Amino acid sequence: MVFLNNIWLIPLLPAIGAGIMFFFGRRLQKSTVNAVCVGVVVLAFLFACGAVLQYNTWADANNHQPFQKILYTWLGTDTGHMNYITKGGAQAAFQADAGFLLDPLSSIWLLFVTGVGMLIHIYSTGYMAHEGGYYRFFGYLNLFMFSMLTLILANNYVLMFVGWEGVGLCSYLLIGFYFHRKSASDAANKAFIVNRIGDAGFLLGMFFIAWYFGSLRYVDVNHLARSGQFQIGDPIITAATLLLFVGASGKSAQLPLYVWLPDAMEGPTPVSALIHAATMVTAGVYMVARSNALFVLAPTSMKVVAIVGALTAIFAASIGLVQNDIKRVLAYSTVSQLGYMFLALGVGAFAAGVFHVFTHAFFKALLFLGAGSVIHAMSGEQNMRNMGDLRGRIPTTYWTMFIATLAIAGIPPFAGFFSKDEILWQTWTSEGGAYRILWGIGYLTALMTAFYMFRLIYLTFFSKPRMSHEVEHHIHESPSSMTVPLIVLAVMSLFAGFLGWPHSLGGSDRFARYLDPVFARGEAKVLVEEGRAGQLAAGEKEEEHTSPVEYALMGLSVLAAIAGWMAASRFYREADKGYAEPIDAASPAVYNTLLNKYYVDEGYDYIFTGRKKLGGARLGVMGLGEASSWFDSHIIDGAVNAAGWITRVTATISSWWDKWIIDGIGVNGPPIVARMLSYPTRLFEWGLVQWYALVMTAGLVGFVFYYVYR
Amino acid sequence: MDAMLNISTLHYLVLGAALFLLGIIGVLTRRNVVIVLMSIELILNAVNLNLVAFSRYWQSIHGPNALHGQIFAIFVITDAAAEAAVGLGILIAFFRNKETVNVDEVNLLKW
């Protein structure tokens, strides 16, 4: 139990690494940075393995409950100062633990985040070897690992939100790693701002949950949600889950908030692999899967999730068909695959969605790292139009990427086949009817996926060399620090799918079985009896797994993968300089729309950011800014000026009153009267001394006469 | 000797009154401050004359030791000297300001 009881060490280890980089990184040698930053992640990985193993034995003895380790109350108090009234009228404390929860769901995330994270850390030591800001890069990576592990291991929504914001911050920092490049800092801002929109949804959803359930711990919320006291379709739960999904669609790049992810490719390639493919962007999937008890109570939300997922999948895949930047193709592929995951969640196949997250983490990380290796070999060139014929020159990269492509395209027995096929099958069987359309979209997406991935492979590794002689001269295989992670990930891409080997092919679908306690099929049965079984539990459909339809669908998806491969092979196998894009040849209008990403960024510029004017009027945020500015300068300042004007007028009146009435009559009046009255008397005083003397003498004479002659 | 004996107190008083009148006329009519001051001296001396005349008359009644009037006259002379000194001092300050010694050109002493 030593690992399980000290599970808080798993996020703490990378935090220590990040702290060391923050305080001392500048002074450290690269080798020391490697030892510290890679070391802590390796330790975290080993620790995580130990914890998961111990959990599995512990869970067997404890009815497969989640394991909770609460360190202390992190937010709120026990004194009742932050109490509030829930919707039910009960008192509840607004509290969040610094608590960690391990169950099969977080175990899976824990393992692939630390595992893939570790490989990418090792890869980065090679990829970033010649870059400036080495310690900064690794400090950010470690900080990211800390945040991501906090997100995964939190036992309540608030702490999850801390990790959620932390990964957002690290994403921002790492996308803007080359901050001297305007495009990179713009992309970082975009990622951060778009994510904030989602985060606002997450926060609101969280408040709804706190208000409705009186707690933010998963255990409490899930227990209440599964207690059967809530109606299916409860409007508040629907609102809460929809808001949570807004958060998820921000972080996991779903329509309409996906726009930041392709731009996030401005960051260094290992970052794209770690954050924007394998781990962080699956946080939304994690959150929805974590809230599955709520989502099954809200069929509307489930529909929204499924539809948004399916639309995102095909939307991003269609853009990916024509992109020329190797990383952008992969970025749109990531968005598309995330769409698949949400499609799975939305049709109630939580385990299938999580399984796809798991396999996707390996092959997409591998694809990105392989792309990084290609870019490394091509001296920084990212445009596939200037590549070609690299397979003999960087063979390890070629083989590993090829395996990853087979995996993502869904060629058996590679990992992607099992997870994607499971999703399509679950979509097909979920509700029937209109849900078959979602299957159709997923199927088309699978076809597109195979096409654009093999297009990438052919343009990069096959076809004619199209690079300059200068670049061609420098092509070299990457160092072993980069190729070894590629090989490990390739092995995982090959074998990870076997964990979910389905019943129909003679397996036992161990992956889904492992997750059963999380998605609580046993407890959900109560609700199943009330109807809407298809929404609730993927497990109910296990029994149908052996139907011939499933084999047919499986065959169809393999066929789609092969067809995509063949088409790509036909169009790009011999691509030479100035090769023609088949879509361009068929319809330039479609091609340009796809190449310009359906003009979504431009549309957002018109409507949401207001960077461009729409018919003379500025809309969106900048429009709001202009309107506020106008309001401020006209209404507020007008009111201020009016107040000033009124003051001035009253002051003028007051001043006039003071000057003429108070001073004029009150103050100056008496002196004027005194002056007028004094006028006759002062005539006697005219200043001639001799006159005074004369008067005096006359008076004297007068007195004398008076006394003498009276 | 007879003629001397016939000079009575009344004569002195008449002379004093005449002097006093001259002084008054001088003070009231002359413009020059110096002359005004001199006229004031005349008035004072008229008074002195009266004092001395009454002192002499007083001696004839109370004996030779009744000298109050004469002592008083000496005081008046002293006072006149002081007054002249102050007056001339004012006069000089006055001249410095106005460049004149005409009393009618200084009419600030009003209101």
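In this predicted model, A:P256 sits in the loop between α9 (235–251) and α10 (260–263) of chain A. The peptide bond that joins A:L255 to A:P256 is cis, with omega at about 0°. Another cis bond links A:P412 and A:P413, where omega is about 5°. A:P413 also belongs to a loop, the one between α17 (395–409) and α18 (415–430) of chain A.

Other loops of chain A hold residues with a positive phi. A:D389 is not a glycine, yet its phi is positive, about 60°. Its place is the loop between α16 (350–377) and α17 of chain A. A:D389 has 18 C-beta neighbours inside 10 Å, so it counts as partly exposed; a residue needs 20 or more to be buried. A:K597, likewise no glycine, has a positive phi of about 55° and lies in the loop between α27 (588–595) and α28 (600–609) of chain A. Because A:K597 has 22 C-beta neighbours inside 10 Å, it counts as buried. A positive phi, near 90°, is also found at A:G348, which follows helix α15 of chain A.

That helix, α15 (residues 326–346) of chain A, has 21 residues. From its first C-alpha to its last it reaches 30 Å, close to the 30 Å expected at 1.5 Å a residue. Of the 21 residues of α15(A), 21 are buried, so the helix is largely enclosed by the rest of the structure. Helix α5 (residues 134–153) of chain A has 20 residues and spans 28 Å between its end C-alpha atoms, close to the 28 Å expected at 1.5 Å a residue. α5(A) is mostly covered, with 19 of its 20 residues buried.

A:P11 is part of helix α2 (residues 9–24) of chain A. Leaving aside residues up to four places away in sequence, A:P11 touches A:F146, A:L149, A:T150 and A:L153. A:P11 counts as buried because it has 23 C-beta neighbours inside 10 Å. A:P11 and A:T114 are 103 residues apart in sequence, while their C-alpha atoms are 9.9 Å apart in space.

The chain also contains strands. Strand β1 (residues 67–75) of chain A pairs with β4(A) in the antiparallel sense, over six bridges. Within chain A, T73 (A:T73) stands opposite A:D97 in β4(A). Strand β4 (residues 96–102) of chain A has six of its seven residues buried, so it is largely enclosed by the rest of the structure.

Two helices packed together are described by the angle between their axes and the distance between the axes. For helix α19 (residues 435–461) and helix α25 (residues 548–572) of chain A, the axes come within 7 Å and cross at roughly 35°. The crossing of α19(A) with α25(A) is right-handed. Residues of α19(A) in this contact include A:Y443, A:F451 and A:R455, and those of α25(A) include A:L556, A:W565 and A:Y572. By class, the contact of α19(A) with α25(A) has 16 nonpolar, four polar and one charged residues.

Last comes the meeting of the two chains. Here 10 residues of chain A are in contact with 10 residues of chain B. On the side of chain A that touches chain B, helix α31 (residues 689–709) of chain A gives the largest share, five residues. The residues of that side of chain A divide into five nonpolar, three polar and two charged.

Methods: Residues numbered from 1 in each chain as written. Chains lettered and ligands numbered in written order. Predicted model: local features only at pLDDT ≥ 70, side-chain atom pairs only at ≥ 80, totals over all residues. Contact = placed C-beta atoms within 7 Å. Helix = DSSP H or I, 4+ residues; strand = E, 2+ residues; numbered from the N terminus. Nonpolar A, V, L, I, M, F, W, Y, C, P; charged D, E, K, R; others polar. Buried ≥ 20, exposed ≤ 12 C-beta atoms within 10 Å, placed from the backbone. Pairing = 2+ DSSP bridges. Expected span 1.5 Å × (residues − 1). Axes fitted to C-alpha atoms, helices over the stretch in contact; angles between N-to-C directions. Left-handed = near helix turned anticlockwise from the far one by under 90°.
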